[in-house]
Amino acid sequence: MGWWFFIDGVVFASTRNPPLSQQIRFEDYVPGILSTLSVNLIDKDTLNADEDTYSGSNIACKARACAFIGISLALGALGGALAIFSLKYVLPGYSGDEFYFGIAITIQNFAIFVGFVTLNPLCNFERFNQIS
């Protein structure tokens with residue numbers, strides 16, 4: 001859902017007449033890419049793993065550390081999106097539809113993070129019901 005907000009913002013900004021004074025550059029893509037990668041790299045099965053199922057020791061501890069880093073990265077990407085919105089669109093004094101793309105970046109990252117936080121427990125609950 002979050003990427004659709006971003007795509008809508010890109011299409012709006014590129015087809016707007018007159019064009020935006022702020023160009024869409026690489027830093028506008030980075031928060032969404034980091035959010036997506038950070039929440040998708042967390043392996044939910046290994047968070048409660050035992051040493052018999054997986055080879056190696058302290059698998060669950062390592063997986064939890066990876067999950068902590070992933071969630072921290074997602075929150076950092078959300079902060080980056082807010083910084084881009086503030087620095088590129090709010091502080092220069094844009095108004096109306098001129099800062100819509102900045103809002104789209106922020107909503108994108110917020111939707112990715114909230115989607116992960118709300119859907120992850122539901123997937124684990126579903127998996128738990130299949131086991132029992």
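1. In this predicted model, Lys-88 and Glu-27 form a salt bridge whose closest N and O atoms are 3.3 Å apart. Because Lys-88 belongs to helix H3 and Glu-27 to helix H2, the pair ties together parts of the chain that are 61 residues apart in sequence. Lys-88 is buried, with a relative accessible area of 12%, whereas Glu-27, at 27%, counts as partly exposed.

2. Glu-27 also meets the side chain of Arg-25 in a salt bridge, with an N to O distance of 3.6 Å. Arg-25 is partly exposed, its relative accessible area being 47%. These contacts belong to a network of salt bridges that links Arg-25, Glu-27, Asp-28 and Lys-88.

3. The count for the model comes to 4 salt bridges, and one of them joins the side chains of Asp-97 and Arg-16 at 3.3 Å, N to O. This pair links distant parts of the chain, since Asp-97 sits in the loop between H3 and helix H4 (100-131) and Arg-16 in the loop between H1 and H2, 81 residues apart. Arg-16 counts as buried because its relative accessibility of 17% falls under the 20% cut-off, while Asp-97, at 38%, is partly exposed.

4. As for the overall layout, the protein chain holds 4 helices and 0 strands, which gives the pattern α-α-α-α when read along the sequence. Of the 132 residues in the protein chain, buried residues make up 30%.

5. How do the axes of H1 and H2 cross? The axes of helix H1 (residues 2-15) and H2 come within 11 Å and cross at roughly 165°, and the two helices are therefore roughly antiparallel to each other, as angles over 145 degrees are counted in that class. The crossing in which H1 passes H2 is left-handed.

6. On the surface, Phe-26, Tyr-29, Ile-33, Leu-37 and Leu-41 form a nonpolar patch, which together has about 520 Å² of accessible area. Among them, Leu-37 lies in helix H2 (residues 26-40) and counts as partly exposed, with a relative accessibility of 46%.

7. Is Ile-59 buried or exposed? Ile-59, which is placed in helix H3 (residues 59-90), has a relative accessibility of 17% and so counts as buried.

Notes: Residues are numbered from 1 along each chain as its sequence is written. This is a predicted model: local features need pLDDT of at least 70, side-chain atom pairs count only at pLDDT 80 or more; totals for chains, interfaces and linings use all residues. Side-chain values use heavy atoms; hydrogens and water are left out. Buried means under 20% relative accessible area, exposed over 50%, partly exposed in between (1.4 Å probe, protein chains only). Patches are made of residues with over 30% relative accessible area and no salt bridge: like charges are joined within 9 Å, nonpolar side chains (Val, Leu, Ile, Met, Phe, Trp, Tyr) within 5 Å. Accessible areas come from the Shrake-Rupley method with a 1.4 Å probe; for residues, only the protein chains shown count as cover. Axes are lines fitted to C-alpha atoms, for helices over the stretch in contact, and angles run from 0 to 180 degrees between N-to-C directions. Angles under 35 degrees count as roughly parallel, over 145 as roughly antiparallel, 65 to 115 as roughly perpendicular and the rest as oblique. A crossing is left-handed if the near helix is turned anticlockwise from the far one by less than a right angle, and right-handed if clockwise.
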